[in-house]
Amino acid sequence: MLDPELTKELSNRAQAAYGQAYVPYSHYPVGAAALFSSGEIYSGCNVENASYGLTVCAERNAIFQAVARGERKLKGIAIAVPTDVFPSPCGACRQVIREFAEDCLVYLINGQGETKVTSLKALLPEAFGPEYL
Ligand code: THU
């Protein structure tokens with residue numbers, strides 16, 4: 001478990017991030033905030049494209065920003081949406097999370113501000129990772 005204050009900060013950052021989402025096609029904004037080993041939090045939103053397949057999820061945008069700043073060890077990630085139904089990271093994002101964490105906490109936040117806590121291992125069991133290569 002992370003420090004409760006840090007958890008709160010992570011969910012606040014994820015909730016703020018979906019406000020920047022560019023979602024003219026799905027109208028489904030997602031925000032993500034990723035805590036890395038330096039203690040820094042990086043946030044991102046989903047960014048869609050008229051060529052639909054080029055869409056990038058909020059989770060990957062947050063993680064890639066961190067990596068571009070030299071971060072390599074992901075400690076936890078919060079994913080927030082404004083809808084009643086809790087979010088769930090897509091398969092591609094689960095695999096990208098796995099690249100930077102063998103396991104980590106995953107906080108899922110719905111539009112009521114309720115939080116469900118899970119882990120990467122629960123979301124992606126028996127995962128393929130960098131140590132296989
Ligand atoms: N989306 C995310 O940003 N993260 C996920 O884990 C699930 C899907 C986005 C992609 C697209 O912009 C919209 O949600 C609908 O699929």
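**Exercise 1. Find which backbone atom of Ala-58 faces the ligand's oxygen, and how far away the pair is.**

Solution. In this predicted model, a backbone N or O atom of Ala-58 is 3.0 Å from an oxygen atom of the ligand. The cut-off for a polar contact is 3.5 Å. Now look at Cys-90: a backbone N or O atom there also lies 3.0 Å from a ligand oxygen atom. Finish with Asn-46, where a polar side-chain atom is 2.9 Å from an oxygen atom of the ligand. As for cover, the ligand taken alone exposes 380 Å², and the protein buries 77% of that.

**Exercise 2. Describe the surroundings of the ligand.**

Solution. Begin with the site: the ligand sits in the largest pocket. Next, list the neighbours, among them Ser-26, Tyr-28, Val-30, Glu-48, Thr-55, Glu-59, Ser-88 and Pro-89. Asn-46, Cys-57, Ala-58 and Cys-90 belong to this shell too.

**Exercise 3. Work out how many disulfides the model has.**

Solution. Recall that a disulfide is a covalent bond between the sulfur atoms of two cysteines. The cut-off to apply is 2.5 Å between the sulfur atoms. Take Cys-57: the closest cysteine sulfur is in Cys-93, 3.8 Å away, so the pair is too far apart for a bond. Then take Cys-90: its closest cysteine sulfur is also in Cys-93, at 3.8 Å, again too far for a bond. The count comes to zero disulfides.

**Exercise 4. Decide whether Cys-90 is buried, partly exposed or exposed.**

Solution. Cys-90 has 30% relative accessibility, so Cys-90 counts as partly exposed.

Technical notes: Residues numbered from 1 in each chain as written. Predicted model: local features only at pLDDT ≥ 70, side-chain atom pairs only at ≥ 80, totals over all residues. Heavy atoms only, no water. Near = heavy atom within 4 Å. Polar contact = N/O pair within 3.5 Å; in protein donor to acceptor, adjacent residues only side chain to side chain. Areas by Shrake-Rupley, 256 points an atom, 1.4 Å probe, with all protein chains shown as cover. 1 Å grid on protein atoms, 1.4 Å probe; cavity = no way out; pocket = protein on both sides within 12 Å on 5 of 7 lines; lining within 4 Å. Sits in = over half its atoms within 2 Å of the grid points. Buried < 20%, exposed > 50% of the residue type's maximum accessible area, 1.4 Å probe, protein only.
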